[in-house]
Each structure stands twice: as structure tokens, then as C-alpha cells.
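Dear colleague,

Please find below the structure that I am handing over to you, followed by an account of the side-chain contacts found in it. I would be grateful if you kept it open while reading.

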Amino acid sequence: MANEELLPIAILIDELKSDEPMRRLNSVTRLSTIAVALGEERTRSELVPFLAENTDDEDEVLLAQAEQLGAFVPFVGGPQYAHLLLPLLETLSTVEETVVREKAVDSLCKVGVQLPDSTLRLATGDWFTSRVSAAGLFATAYARSPPAIKTELRALFTSLCKDDTPMVRRAAAQKLGSFAKVVERDFVSRELMSLFTDLTQDDQDSVRLLAVESCGAFASALSRDDAVSHLLPVVQKTELTPNFVRLLRDSEAEVRVAAAGKVSAFSRNLQPMQVVQHIIPCVRELSTDGSQYVRAALASVVMELAPLLGKQSTIEHLVPVFLTLLKDQYPDVRLNVISKLDQVNQVIGIELLAQSLLPAIEELAEDKHWRVRLAIVDHIPLLASQLGAEFFQEKLGPQCMKSLEDQVASIREAAAKTLQKIAQEFGPEWAKEHLVPTVLGMMKNPHYLYRMTMLLAISMLASIVAHDVLVGQMLPVLLNAAKDKASYPYWAQVSPHFRRPMHESLDKQYPAHAISAVPNVKFNVAKMLERIAPLLERSVVQQTIRPTLVDLCEDSDMDVRFYARQALHSCEPHWLVSGKRHQHSQWCMNRATLPKEGALGFLNGSLCFAGHCGALAQVGCAD
């Protein structure tokens, strides 16, 4: 029996020596199982040496092996024997495949024992791959080293930053920020700052790009008081700011993109006058950069400079940049500026915002890119809260109403939700006077899609306005819409942008009075009536809403009937159990009658029947 249990282990051990890569990979992924079967002593004396002798293998096998060794300390006898794993992991850290090296470095950090020694050995290796891997170990090894070793580690990291091989310098630049976080603050400003300066002037754009990512780390490595006493003097001595300025003006667009995205974060560590003197000129240049990605990166953060500079400097230096970006030909640039308008408003005030930026915002509300128009609609409530009711009605009110008839459905829906937020901001009386009449008047639009949008807007406002407005003004419009008729043929409702001569000929051939009702409007009326019914008194529901829903239950369109019955059930929760169960079940069977117009009719009939039965099952009345 014991031999039978050990047989799978024996097979795994044999597969480690197999000539087939897939068998070796299968065995390596189960190294922990093999180690448990062999025991700690045999794992140390047999398995680890065997793995060390067979590192010339497929990359997939070596990657799995590097991953497994990270959790191998318990299988070799605990931390006191963990050093036995270091030579093997150091060997894996020198292979050519990048993912294998990275995984080996991760495992070295997990093993942890004698990590400074491994770092020293790898950092002084002859082959560049070992030095690349060593860069990832410095931050972890430094925290575990005595002072003497720390000095040596800093010297070795300096040599990596000045290595002749670009791949090594790139790895050092990538890890410079994490290394700065563990190095003593005194050495950060005294030693690492010079390394950062050199890396930001490297002739390789990838090295300069990665060095940019370290800007924030240097600021966070020091406390606020120490940053003022250590970091700012360095900046004032032109150690960091000129290098950042050079990155903002770098010849490579990718470097400018990365640097532009750090403008706000970097400027927080400077005095306002230093920002105006060194950063703002670069910001002006980047606002007209030839790369749209540079302008988009700048637009996403440039508004955050306003609180740093204050009102006067923002008006003088930043507002012209904002206007330039708001008129950019690429929509992503304009969108990024719009999303941060609130930060500018907090600084310069609503009057100056209205004078300088609102004209550009009004133009964007009619932008040809629908996502830009949508962003404007989404930000109207924020602007409304800052503008006030009177100013809003004069400047943005008409545009907000115009968005209700936009060609894009998402914008129309967002505009309806925006009206609700504005009504909440300015109160029911203001909504009664300025919003309700306009929305109700737009229900006469000949295009049924726009009438459906007005239904949504009415339902959104219903919860805000007073009860008498809901009953006296809005409810009659909804009830009238339940008898919706298309004033024009469907081809007459085609947007002017898409009208064709064919539509004109159809207008003459078929008169408008021959067109039937629009089911889409009517079943949306049923849904809206269901939504506002809880807001009304019971008597109003019984006298006005219920008769309308009963009429809709007899409509020729099955969808209208379905939503009408669903709304009727919501208004009268007990109607199904008051002797009408059999009648409703018969209605379901009638809906199950399949059309005879072919395969498409059969599919539509089946889907409609399934949908009705599912709805009935939810209310517990499906037989």
C-alpha cells in the first residue's frame, strides 16, 4: 500500500529527468509535492543540487522553477537552510529571458536570508542580465543591511546608474524611486539626487522616461519639514527643476507625455513664483504641442495648477491655456479639461469663469463629437450650483433644454437626469416656473424618440415638483400621450441630416392622417405611470391612471398590453387575486398563439410568450 502511494511521487521525480519539456514542466510545477515526499534532508542534499545542475532548460520550465523556489524555505528545513536556495535563484536571475529573471528576483526577496550578499554578487556580475536583476534587489536588501553594507550598496547602485549598458541603466532608473524610499533622507538629497539628474539627461529616451516616474518618490521620501529643508534647496539650486523642464521639452513625444502628466504633482513641491517662472512657459508650449497625446496628458492635470497659483496668477497665466485646450481639435483633450472645471471655479470665482470660459463651454455643448457634448451635459449640474438660478437660466438653461433633443440617445437620457439634479438644486417652485412648461411643450415634437425623452424627463421631475403641479400639469400630458399618434409618417420623422429625396416622394404618396399610433411611446407611458403612481393619492390613481391603463390593456400591440398590465398590477396589487386569475391566464394563452408568417414570426412569438410568462411567474399568477 505504501509503495502504491509513493508511485506518483516516483513518476514526478522521473519526469524531472524527462527529455520532453511538457513532462519536465509538469513535474517542476509540483516541486513542493516532491520535496514533501523526499523530506527536508534529501531535498537539501539531492533535489536542490539536481535543480542547480539543470538550469539550461526551456524558459517555461525555468519560470515555473523560479516561482516554486520562492516558497521553498519550509521544504529545506527552515530559514537556517534558506541560503542553499540562493545560488540556484542567482543563476536564474542571470538568464536571458526577462520574465524568468523578474520571477527569480521576486523569489530572492521572499527567501530574504543573506539577500545583501546576493545583491552584491549579482551587481558585480560580468553579464549584464545579472546587473539588471540586481537593481530589483537593492530596496529590499538595503533595509536588512548593517551600515557598512549600506554604504557599499549605495556605491553599487551608483555604478548601475552609470553602467555602459542601457538595459542596466533602464533597470536602475525604474527602481530608483523605490530605493529612495528606504535610503536615509540625508543620502537621498546628497547622493541619489545627482543620480536622478544624470538619468534624466541620459541619451536613451527609455531611461529618461523611467526616471520621470521617480519625481514623486523623492518628494514622498522626505517629511514635509525635511522636504522644505532638503528638497526645496536642491530645487532652488537648479538641481531638479531644470531637469524636469528639459523633460517637458524632450525631443521624444513619449517622454513629454510622461512629464506632462506629472506637472501638477511636481509643482506642488515648488513655490508659486517658481511654478510661474519655470513650469508655466513649458505648459504654454505643451498646450500647442504637435502630439495630441501630450496635449491630452497636460489637459488632465493642468487645471490642478489653479489652486496652487491663486486667483491672479490663474487668470493671467492659466486661463489662456485653458481656452486653447478647450478649442483643441481632438475630443480627448477637450474632455480632460471639462472634467476639472470645478477646480478652476473654486479659485477664480463664477463671474470670471462665466466671462472667460463659459463661451467656450457653450460652443462645446454643440461639439460634433457626442462624447464631448455628453461631458458638458454631465457637468451642467455642477456649473448650475455655482452659477445660481438666475445666471444659469440665462447662460446654460436653453442649451440644457436643447440637449433633450440631441440625436444621440445617451445625451438625451443624461439631459433628462440633469434636469432632475437642477430641479433639486433650485427647488420645486423654480422647476415649476422654468422647467415644467418647457418640457411639457416639447411633448409636441413630431419625432417619437424625442417624445419618449420628454416622458423620461417628466418622470424625473415628478418626484421634485409639488403635488398640484404633478396632478394639474404633468399628469394630463402623460394621459394624453397614452393616445399617442404620429403626426407625421416615420420617414417624415427622419433627422434632417439623413433626409433623402426618397423621403420627400413618400410624403406626397402617403398622407399623414393614415399613420397609426406609435407603440413605443404608449408602452413608455405605461411605465412612467407606474413610476409616478406612488407619488399620487389613491383617488387620483383610480380616477385617472387606472382607466388609461385599462384602455392600454386593450391596445393592438402586445408590448403595450404587457406593460399596461404590469403597471395596472402595480397600481392595484390585489387585482389578480380578485376573481380575475382565470381571465388573465386566458390572456397569457392568447399571447402564446404563434404567428404564421414564417420562422421569424415563430421566433418573435416564442420570445414574447416567454417574456410574459416570466413576468407572471414573478407576481405568482402563472398557471
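**Aromatic pairs and salt bridges**

At a relative accessibility of 0%, F157 counts as buried. Please bear in mind that this is a predicted model. F138 is likewise buried, with a relative accessible area of 0%.

These two residues bring us to the aromatic contacts. A pair of aromatic rings is described by the distance of the centres and the angle of the planes. Ten aromatic pairs were found in a search of the whole structure. In one of them, the ring centres of F138 and F157 are 5.3 Å apart and the planes stand at 75°; because an angle over 60 degrees counts as edge-to-face, this pair is edge-to-face. F138 belongs to helix α10 (residues 138-143) and F157 to helix α11 (residues 147-161), so the pair links distant parts of the chain, 19 residues apart. Ring pairs also join F138 and F157 with Y142 and F179 in a cluster.

A further edge-to-face pair consists of F426 and W430, with centres 4.8 Å apart and planes at 65°. Both F426 and W430 are buried.

Charged side chains also lie over aromatic rings. R154 lies over the face of F187, at 3.5 Å from the ring centre, and K527 lies over the face of Y563, at 5.1 Å from the ring centre.

I turn now to the salt bridges. Side chains of opposite charge can pair when their charged atoms come close. The count comes to 14 salt bridges. Among them is the one between D289 and R256, whose closest N and O atoms are 2.9 Å apart. D289 is buried, with a relative accessible area of 12%, and R256 is buried at 14%.

R268 forms a salt bridge with E304, the closest N and O atoms being 3.3 Å apart. R268 is in the loop between α19 (263-267) and α20, and E304 is in the loop between α21 and α22 (306-309), 36 residues apart.

In another salt bridge, R373 and D406 have their closest N and O atoms 2.9 Å apart. R373 lies in helix α28 (residues 370-387) and D406 in the loop between α30 (397-403) and α31 (409-426). Both R373 and D406 are buried. Finally, a network of salt bridges links R169, D202 and D203.

Yours sincerely

Notes:
Residues are numbered from 1 along each chain as its sequence is written. This is a predicted model: local features need pLDDT of at least 70, side-chain atom pairs count only at pLDDT 80 or more; totals for chains, interfaces and linings use all residues. Side-chain values use heavy atoms; hydrogens and water are left out. Rings of Phe, Tyr and Trp (its six-membered ring) pair if their centres lie within 6.5 Å; planes under 30 degrees apart count as stacked, over 60 as edge-to-face and the rest as tilted. Helices (H or I, at least four residues) and strands (E, at least two) are DSSP runs, numbered from the N terminus. Buried means under 20% relative accessible area, exposed over 50%, partly exposed in between (1.4 Å probe, protein chains only). A charge sits over a ring if NZ of Lys or CZ of Arg is within 6 Å of the ring centre and within 35 degrees of the ring normal. A salt bridge is a side-chain nitrogen of Lys or Arg within 4 Å of a carboxyl oxygen of Asp or Glu.
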